[in-house]
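Here are my notes from going through the model.

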Amino acid sequence: MAIPAHFIHPLHSFTEALKPQTPTTSLKTHKKLTSFTINSKLRAAVIGGGPAGSSAAEALAAGGVETFLFERSPNTAKPCGGAIPLCMLDEFCIPAHLIDRKVTRMKIISPSNLSVDFGKTLRPNEFISMLRREVLDDFLRHRAETSGATLVKALVTNVEVPLSKNCPYIIHYNMENSQRSLAVDVVIGADGANSKVAKSINAGDYTCAIAFQERIKLPEDKMKYYENLAEMYIGNDVSPDFYAWVFPKCDHVAVGTGTVSSKKNVKKFQHGIRARVMPKIRGGQVIKLEAHPIPEHPRPIRVRGRAALVGDAAGYVTKCSGEGIYFAAKSGRMCGEAIVRASDGGERMISEDDLKREYLKKWDEKYLTTFRFLDLLQRVFYGSNAAREALVELCGDEYVQRMTFESYLYKKLADGNRWDDVKMMMNTIGSLIRCDIVGRDKEILDKTVLPQL
C-alpha cells in the first residue's frame, strides 16, 4: 500500500515528526522542518472557497480526508448573475430560504427590440432560482466546515510543487500579516480564472471573457415588474459576442454584460444595456459595481501530479448561457469524491492516474460534449445582429423552449420527439436564411445540430 507523503521525509527526524503542526505554522518553522506531522490520513488543501472549492472540501472531509479550505475574502462575492438550475436545489440540498427570487418568466430581446417570452412551457413547479453569491458561498463554506473541513481565511501566495512523488505540496499563504505554510498530499485548485494553482502546475492558458455588473436598487413599483422576471438582451450595442442581462435579486436587480473580443470596451457595452432598460430602472440607485474574468473553455491541462482544477480554474463555464455555478459545484464534488475513492477514504496516497481516471475521465464523459455543442451554437448565433434576430425568432417556438428548459433545469439530454426535432432543425435553417445567415455559419449549425437528431 502506498504511504501518504507526510508519513516519510528523509530530512525529518523522528522526534520532530511527533510535534504537531497546524495551518498557522510559520514559514520559518516550515523551512526548518521541511515536512509535516505524521498522520493517519491523507491531507488535502482546497484553494478557493466558492461553490467549487466548498463542494470539494465537503466531499473530502465527509469521506475521511483531512481537509483545509483556503479562502482569502469570505465576505466578498464574485460578480455573477446568480441563476441556478432546479436540479441543483435537490442535488446540493440548497435550502429554500437562500433563494431571492423564483423566476418563472423570461424575456429574450433582439437587437431590434423584438421581445419573446421564453418561459411559456414551464410547468407549475418549475422555476429558475436567483441567489446572491455571497449568501450561497457562505452557506456552502459553512457546510464544508460542518463536515470536518478546516477553513483558513488567508491569501495563498504560492503553491510549491514537489520534486518527487513522495514529497508534499507546500501551500504558502499570508495570514494576519505573516507568511505561513502548510504541507499537504493533494491540492485542488478552485481559485477562479486567475488560478495560482493552475500557474503552479503549468496548466496552460485559456481565453477569458470579462463580466461587468451593476447591482441597482429600484423603487418598489419598478422592482415589482421584476418580481419573477429575468431579461436577456442581445445585440452589438450590449455585447459583440455574448449577451447582457437583468436578473432580479432580493431587493435589487443585477444589470450586466460580458464580452471576450472587446474587453476594453466593456463599460461602453454596460452603458448600452443601461440605455436599453432605462425606462424600467429609472430612479434606481447603484449599490455595487462588480467585474470579473470568466473562462471561455476548459484549460489544456486540468490534472497534473496530485493537483486538480475545478470550477472556473478548470474552465467549466458554458457558452451561450455563461452558466458556471452548477458546473463549479458539480466538478468540485466529483473531484473530492474521486480523491476519497482513490485513497480508500484517505488511507493511502493517490497518483495522477487516479485523478485522471476517477475525476477527469468521468467529468469529460458526462459534460464535454455539452460544452462543445454550446460553443458551436454561440459561434453561430452570437456572431452578428442578423444571427441574433434569428435566435430570438427561434426562441418563440414552444418546442425549442421545452427542450431548452428540460436540458437546463435538469442537466440531462431532453427526450424529444424525433419528428419535432427535424422540424426544429428546418425552422432553424429557415430563420438563418431569412436573416441572411448563410455559408459558414449555416455549415457549422448543420454539423452541430444534425448529429444530435
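Contact, throughout this note, means heavy atoms within 4.5 Å.

1. Ground rules. This is a predicted model, where local features need pLDDT of at least 70, side-chain atom pairs count only at pLDDT 80 or more, and totals for chains, interfaces and linings use all residues. Residues are numbered from 1 along each chain as its sequence is written, and side-chain values use heavy atoms, with hydrogens and water left out.

2. The chain as a whole. There are 15 helices and 19 strands, taken as DSSP runs (H or I, at least four residues, for helices; E, at least two, for strands) and numbered from the N terminus. Of the 453 residues, 57% are buried, where buried is under 20% relative accessible area, exposed is over 50% and partly exposed is in between (1.4 Å probe, protein chains only). Take the contacts in the chain with a separation of 6 or more: 73% of them are between residues 24 or more positions apart.

3. Q401. Look at helix α13 (residues 398–410), which holds Q401. Q401 counts as buried because its relative accessibility is 0%. Setting aside neighbours within four places in sequence, its contacts are V116, D117, F118, G119, K120, T121, C395 and G396. A polar atom of the Q401 side chain sits 2.9 Å from the backbone oxygen of D117. For polar contacts the rule is a pair of N or O atoms within 3.5 Å; within protein, one must be able to donate a hydrogen and the other to accept it, and residues adjacent in sequence count only if both atoms are side-chain atoms.

4. Helix α12. How many of the 11 residues of α12 are buried? Eight are, so the helix is largely enclosed by the rest of the structure. The buried ones are A387, R388, E389, A390, L391, V392, L394 and C395.

5. N385. This residue is also in α12 (residues 385–395), but N385 counts as partly exposed because its relative accessibility is 28%. Its side chain makes a 2.6 Å polar contact with the side chain of R388. Another polar atom pair to check is the backbone nitrogen of N236 with the N385 side chain, at 3.0 Å. N385 and N236 are 149 residues apart in sequence, yet their C-alpha atoms are 6.6 Å apart. Not counting residues up to four places away in sequence, N385 touches P111, G235 and N236.

6. The α3/α5 pair. Which way do these two helices run relative to each other? The axes of α3 (residues 51–62) and α5 (residues 133–146) come within 8 Å and cross at roughly 15°. That makes α3 roughly parallel to α5, a label for angles under 35 degrees. The crossing is left-handed. On the α3 side the contact is made by P51, S54, A57 and E58, and on the α5 side by R133, L136, D137, L140, R141, R143 and A144. By class, that comes to five nonpolar, one polar and five charged residues.

7. A211. Finally, a strand residue: A211 belongs to β13 (residues 208–217). A211 counts as buried because its relative accessibility is 10%. Away from its neighbours within four places in sequence, A211 contacts W245, T257, G258, E290, A291, H292 and I294.

Conventions:
Axes fitted to C-alpha atoms, helices over the stretch in contact; angles between N-to-C directions. Parallel < 35°, antiparallel > 145°, perpendicular 65-115°, else oblique. Left-handed = near helix turned anticlockwise from the far one by under 90°. Nonpolar A, V, L, I, M, F, W, Y, C, P; charged D, E, K, R; others polar.
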